[in-house]
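Let's walk through this structure together, one neighbourhood at a time.

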Amino acid sequence: MQSQLVPNLPSIQIATDVCAGLNQPQQKQLPSKYLYDAVGSALFEVICALPEYGLTRAEERILRQHANEIVDQLPRPVVVAELGSGTGRKTRLLLEALSRWQSTWYHPIEISPTALAELRRELRDINSVSVVGFEREYLDGLREAAARRVQGEHLLVLFLGSTLGNFDGDAGAEFLRVLRTILQPGDSLLLGTDLIKPVNVLIPAYDDSLGVTAAFNRNLLARINRELRADFDLSQFEHVALFNKELQSVEMHLRSRTRQTVTIPDSAVSFHFEPQETIWTESSHKYSQEELVRLAHHSGFTPRSQWVEPSWGFAENLWIAA
Ligand code: TRP
């Protein structure tokens with residue numbers, strides 16, 4: 001395997017984003033992309049192995065059983081780009097299936113340099129795959145990956161793990177619309193989506209008994225302390241997962257146990273918290289079949305095939321750019 005990395009520039013973006021989020025008058029919030037520093041990415045790997053969090057295993061089962069069938073439906077030759085590749089354990093199944101047909105360029109687009117490094121190790125032994133990774137935001141990275149293809153090559157975009165559900169409200173649909181504009185007709189999107197399921201299954205998936213998800217969420221505050229020299233007292237914030245029925249989403253918050261003030265001296269700002277006041281850090285939307293069909297058409301795709309894992313309730317969707 002050949003591999004290269006296009007690195008990101010260091011940025012002061014985090015300070016700006018944190019201050020903007022904590023200044024929201026109604027509901028304080030923090031961007032979920034900052035959950036994935038080295039500690040956060042490692043904790044997320046553990047989440048994926050937790051008994052309560054069946055999502056990753058369900059998707060892996062689909063890919064293990066159907067990788068050949070999925071690959072058989074793609075136009076070839078195909079270049080693969082993946083949004084938020086993580087460690088690549090799931091991707092490996094698809095790349096191996098593709099290697100029966102062709103040698104493949106694979107472009108992981110991933111904000112976490114640790115995850116990218118891990119991915120490189122994971123895929124090292126697949127000879128027919130050449131990896132060029134982008135440490136970028138999704139759409140910026142996808143534009144760069146799309147620009148590298150040559151005439152006649154089709155693009156397959158992988159967006160697994162139900163990450164689309166982490167965009168709040170209409171932002172997910174809007175994201176797909178913009179994504180579609182980067183593609184050409186006939187390109188494809190393999191989209192992993194967690195399906196609607198009972199609340200008594202969902203809540204433990206996002207608030208596990210070992211407290212790993214709580215640590216993952218609270219690490220966001222620890223990271224802000226580390227990188228911005230803020231003074232969040234971690235013992236005074238607790239992880240909360242609740243189900244928003246109207247939005248069909250699990251919401252993750254960090255709830256202040258007491259009245260307190262947090263200061264970021266480098267930015268010369270402080271933020272006041274009331275007892276029980278929360279910072280909203282992430283939502284995870286759960287999809288219905290009808291919604292997925294609507295979403296595809298609305299964003300300029302034609303649904304081609306779907307594979308469902310019934311015991312957890314997860315769908316892998318293959319859509320073709322119309
Ligand atoms: N895409 C994953 C999901 O929605 C991300 C995730 C899993 C997550 N567990 C989390 C995000 C806990 C924040 C907190 O399931």
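The side chain of His239 reaches the backbone oxygen of Tyr206 at 2.7 Å, and it also makes a polar contact with the side chain of Asn217 at 2.9 Å. A polar contact here is a pair of N or O atoms within 3.5 Å; within protein, one must be able to donate a hydrogen and the other to accept it, and residues adjacent in sequence count only if both atoms are side-chain atoms. Do keep in mind that this is a predicted model, in which local features need pLDDT of at least 70 and side-chain atom pairs count only at pLDDT 80 or more, while totals for chains, interfaces and linings use all residues. Residues are numbered from 1 along each chain as its sequence is written, and side-chain values use heavy atoms, with hydrogens and water left out.

You will find His239 in strand β8 (residues 237-244); strands (E, at least two residues) and helices (H or I, at least four) are DSSP runs, numbered from the N terminus. His239 counts as buried because its relative accessibility is 10%, where buried means under 20% relative accessible area, exposed over 50% and partly exposed in between (1.4 Å probe, protein chains only). Leaving aside neighbours within four places in sequence, His239 is in contact (heavy atoms within 4.5 Å) with residues including Thr213, Met252 and Leu254.

Tyr206 leads us on to the ligand. A polar side-chain atom of Tyr206 lies 2.5 Å from an oxygen atom of the ligand, and a polar side-chain atom of Ser284 likewise lies 2.5 Å from a ligand oxygen. On the backbone side, a polar atom of Gly161 is 3.1 Å from a nitrogen atom of the ligand. Taken alone the ligand exposes 360 Å², and the protein buries 98% of that (Shrake-Rupley areas with a 1.4 Å probe; for residues, only the protein chains shown count as cover). Helix α9 (212-228) and strand β12 (278-285) each supply at least two residues of the shell around the ligand.

Now turn to helix α3 (residues 55-72), where Arg57 lies. Arg57 is partly exposed, with a relative accessible area of 28%. Its side chain reaches the backbone oxygen of Ala49 at 3.5 Å, and Arg57 also touches Cys48, Leu50 and Pro51.

Why is helix α4 (residues 89-98) largely enclosed by the rest of the structure? It is because 8 of its 10 residues are buried, among them Lys90, Arg92 and Leu95.
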